[in-house]
Each structure stands twice: as C-alpha cells, then as structure tokens.
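Please examine the sequence and the structure displayed below before reading on. The explanation that follows is intended to be read beside them.

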Amino acid sequence: MTAAVRRRGGAGIGRTRVPLRATYLAILVLLYFPIGLLFVFSFSENTLLTFPMEGFTLDWYREVFEDDALLESARNSLIVGVLAATGATLLGFGVSVAVVRFRFRGRTGLVALAGLPLVVPFIVLGVSLFLLFIFVDVPRSLVTVAIGHTVVAIPFATLILLARMGGLDQNLEDAAMDLGATYRTTLRRVVVPLMGPSLLSAWLTCFIVSFDEVAIAIFLAGGDPTFPIFLYGQLRFAQRLPVLIAMAVLLMIGTVTLCLIAFRLGRRRV
Amino acid sequence: MLGRRGALRYLAVPPYAWLGLFFVLPLVLVIAISLRPETGPIDFDDPWQLSLMQYQIVLETPAYLRLLGISILMAATVAATATLLAFPVAYFLTFRARERATFYLVLLLIPFATSYLLRVMAWRLMLGQEGAINSFLQFVGLTSEPLDLLLYSRAAVVLTLIYVWIPFAALPIYAAMQRIDRGHLEAAADLGAGPWSRFMRVTVPLALPGALAAFFMVFIPTVGEYVTPSLVGGTEGIMYGNLIQDFFTSAANWALGSAFSVFMLVVTLVLVVVALRLVDVRRVAT
C-alpha cells in the first residue's frame, strides 16, 4: 500500500467512520462467550448452569475416565476419523494430480464430481447412503460411517490439494522421469514429498470434519456410536451434561490443536 | 509418456468409482425409491412398481410445503446474517490486522474447531428456563420470573445457527479479499475516489464472489438441518429436515421420506442456480 492510499484513509473505509477492530473484537467475544461458559460450567458442582456459580470441582473430568461407554464412543470416532481422512486424502490427491497434470475425457467432470458433495444437504446424503446399504444388504457399522464421511470430506481434501498441486513446478517431475524414474516412482519420491505439508493439512481437515459430524453418522452407524452420536443421544439427560461437557472440552483441546497444525501447514509455501 | 497416461488408472479412476458408488448411485437410488408406492419400510425383494403417489403427498399437503418455505427462509436468514457479520471480520483480517493477521485468524478458527454439538449445547444452556441468561437476569434483579420465550422457538434455532456459521462464512470472504490487487485501490485513490466509494466500487465487487460462496456454503447445509432444531427448536422450531428424519426413524415411511429428500434437494439447487443467475446479471449491468 502506498503512502497516498494510507493518507487518504487506508484501503477501504476511513478509519474514523467504522471501528473495524472493535467490530471484530465484539464478534470474537460473541463467539467465545458461550464456549467459555461451558468451560467454566465443567468445573461447577451444580448440574444446572446458573448464576452465581457454586463450588469448584474436578469430579466431572474424573468421571469421564470412569465412563466406558463414553470412552468407547470417542475411540470409535477416532477410528472413523482416521479411515475417512485417509480415504478422502488419497482420493483427493488422485483428483488433484489427474486434473492438474493430465488432459483426458471427463477431466472437468471429475473436478465437478469431487466438489458436488458440498452442495447436497447432509440429511440427503445420510438418507441416500442409509438406503444404499440396506439395498445391497451391508450391515451398518463404523465402516459405513467412514464411507459416508469420506464422501463429504473429499471436497475439502480436493480444494486444499488442488491449490497446492497447481503451484508445483512440473519440471521437477520431468527431470525425475528424464533421469529414468517411472511415473509411479516420480509421484512417490518427488510429488508426495513436495506436497507433504498440504497432504497433512488436508488429512487433518478431513479428520476434523469427520470427527465432528453427526447428521450423516446417525443414519449410518450400527450398534457402535461415534462420540457426536453418543453426545446427541445423552443430551436429554440433564444430570449427564457436566460429564459430557468435560469430555467435549477435552476433545476440543485435541481438535483445536489439530486445527492449528493443519492451518500452519496449509499456510506454508515451499 | 505411455507410463504417464497409465497413471490415470490409479489417479482418476478410484475417485470416479468411489463417488459414483457412494455419492451418485445413492442419489439415483433415492429417486428410484421415491417413485415406489409403499408406505412403510421397503422390502427390496418386492417387485418395483412406479407411482407418483409420494410426490402427490409432498406437493398437495400445504403444511409440508409451508414447512419447506419456512426452512428456506430460516436458512436464507442464517446465511445472510452470518455472511454480513463475517464481512467486517474478513475485511479487518485482510486490510487492518497487518502483521497480526495470522494471530487474529487463528482466534477466529478456534471456535470453528470446537465441537458443533457443544456449541449448540452452549446455546441451549444459555437460553433455557434455568439457563444462564434467565438466571443472570434474575440474579441482577431485572426479572423475577424466568422468561420462557427464549428456548424452543424458531428464533432460537436461527440464532444458534448464525452463531455456529460465522467463522466458516468468514473464510471464503477472506480468501477473496486477499486476492484483491492493492493496485486497484491505489488507482481508484489516484483518480480521486474517496474511501467510501473505493470500498463500494472496488472492494465490495471484488469480494462479492467470496461473499456469495459464504452465503451458499451456509445456506445449503442449513436448509437440510435437523440436529440443531431438535436440540434448541422444540416442536415450535422444527425444520424440513426433521420431517425427513422422522420418515426414516420413528415413522419409517422410506418412499415418502425419499420423495421429501428429492424435493428438498431439487428446490435448493434450483434456488442456488437462480440466485447465481440474478447476481451475474447485476454484475454485467454495473
């Protein structure tokens, strides 16, 4: 930005007319207040969220680790998340390399198809997969949940990987092949390492999408609930709430950490 | 280069196959099932009969049509409000935060990475009869009786969903604003445009694609919402998605539920296409 623009009031609205920082901070407060409230509540002895707060306790956090059903649902979510993130990242990688490096029939169709799950409401995806698995007589399980989550995660993986692949210098691949590498080896030894941070960022993004997803999972889970399904089922019991919130807070710390890592990796430009 | 072309077999074929099998095929199946006349769970060994009976119910029951209209209005309100609130956030991050932009962006992303159900729960705890807002109002003496208008209403659903979507809506707008060439703003300033006219005639038009993406990325999932309404909406605040969910769980009427799903999907996509047309026309006009 040149001095001329800055003198005339920055790039957009004059600094004096719209207090942008204050607006931003107000929205942040709005975003954090409810979460903060839950966090505080998870240390309260009372099972109702009332003012003034009474008593400080770590009991809810202790109870988390004594609740087998709760821990198992978290483990189930972990399994589903790993499967879905791995599947979606591999498939998204295929899409991005094929689309950026090759000219073939169905190329634009592939990009469109990989983005389309974003424009279908989750309930429609959930219902349609529910009917498919009944139609082909596949019992519903954590695997079917993972399949559903792969479908909704593919657009995210593809968007992240397509952006990175587009910026990759093709000469590096040509050089590897001129030196005698097969294309498969070139992908493994040149493209994948160069895409490394983006691949990890895509994987983590897909994992978070899956780990938090409930609308589709409800239709596709068999007897083993994922954590969001378990949470959803237990929410009507008020006295269970503090334990659930304690668990959710613990998991939140985990997903926020993953999100920050994904974000850092996504921003890095090699 | 023969080896290179062969790579398409393992690069392009698996995603095509996967999405064909688990995305396109299920949607085709839902359409097919919506054309069956059964009124309960379906035994797929029964012969396939074709009937438009389910669509007749979908289209001829005013209460169902009305609920879809309400759901679309709710989703449009949520998407528009979340986009409007996200706009200054993205603007601040792009043009004012300077070297601390990353820090502020991370602050915005943390609530987004927090469990969606947890955030919805937070609102239920705040809005309820014995919730934080009521007990706070009574604690400071503003009210003596708990207000019960807060929870279990359409307003509670809309409020909660706006809250949930703000950080997500900011991302595409931020991405669009980052691509704005500062040279355009300088040129506008050199040609005598004031701050307001630079904002309205350079920044806003260039950020519009991002704002539109934000709007639709919130609108589409919100039209089909059923989890949030069932948690904070009560019987007052149900949406079209709750209807669909009912027909696959307690009511178990799969063919009718499929017809509802297809109808909602078609209406949503038509609205999106029409809206995009309208916006394009306006951009050509200016």
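The structure is a predicted model, and the predictor assigns the complex an ipTM of 0.85 and a pTM of 0.85. For chain B, the mean pLDDT is 84, with 91% of the residues at 70 or more. Within chain B, confidence is lowest in helix α1 (residues 2-6), where the mean is 66. The highest confidence in chain B belongs to α3(B), at 93.

Chain A may be considered next. Its secondary structure consists of 12 helices and 0 strands. Of the 270 residues in chain A, 46% are buried. When contacts in chain A with a separation of 6 or more are considered, 76% of them join residues 24 or more positions apart.

The two chains also touch one another. Chain A supplies 74 residues to the contact, and chain B supplies 81. On the side of chain B that touches chain A, α3(B) gives the most, with 13 residues. That side of chain B comprises 61 nonpolar, 12 polar and 8 charged residues.

One pair of helices may be followed in detail. Two packed helices are described by the angle between their axes and by the distance between the axes. Helix α6 (residues 122-135) of chain A and helix α3 (residues 13-34) of chain B have axes that come within 8 Å and cross at roughly 85°. Because an angle of 65 to 115 degrees counts as roughly perpendicular, α6(A) is therefore roughly perpendicular to α3(B). From α6(A), the contact involves V127(A), S128(A), L129(A), L131(A), L132(A) and F135(A). From α3(B), it involves F22(B), L25(B), P26(B), L27(B), L29(B), V30(B) and I33(B). The residues of this contact of α6(A) with α3(B) comprise 12 nonpolar, 1 polar and no charged.

The nonpolar core remains to be described. Which residues have the most contacts inside the largest nonpolar core? They are A86(B) and I173(B), in a core of 166 residues. Helix α9 (residues 154-178) of chain B gives the most to this core, namely 16 residues. If neighbours within four places in sequence are left aside, I173(B) is in contact with A86(B), F87(B) and A90(B), and also with A207(B), G210(B), A211(B) and A214(B).

Terms used: Residues are numbered from 1 along each chain as its sequence is written. Chains are lettered from A and ligands numbered from 1 in the order in which they are written. This is a predicted model: local features need pLDDT of at least 70, side-chain atom pairs count only at pLDDT 80 or more; totals for chains, interfaces and linings use all residues. Axes are lines fitted to C-alpha atoms, for helices over the stretch in contact, and angles run from 0 to 180 degrees between N-to-C directions. Helices (H or I, at least four residues) and strands (E, at least two) are DSSP runs, numbered from the N terminus. Angles under 35 degrees count as roughly parallel, over 145 as roughly antiparallel, 65 to 115 as roughly perpendicular and the rest as oblique. Two residues are in contact if their C-beta atoms, placed from the backbone, lie within 7 Å. Ala, Val, Leu, Ile, Met, Phe, Trp, Tyr, Cys and Pro count as nonpolar, Asp, Glu, Lys and Arg as charged, and the others, Gly among them, as polar. A nonpolar core is a set of buried Ala, Val, Leu, Ile, Met, Phe, Trp, Tyr and Cys residues joined through C-beta atoms within 7 Å. A residue is buried if 20 or more other C-beta atoms lie within 10 Å of its own, exposed if 12 or fewer, and partly exposed in between; C-beta atoms are placed from the backbone. pLDDT is the predictor's confidence in each residue, from 0 to 100.
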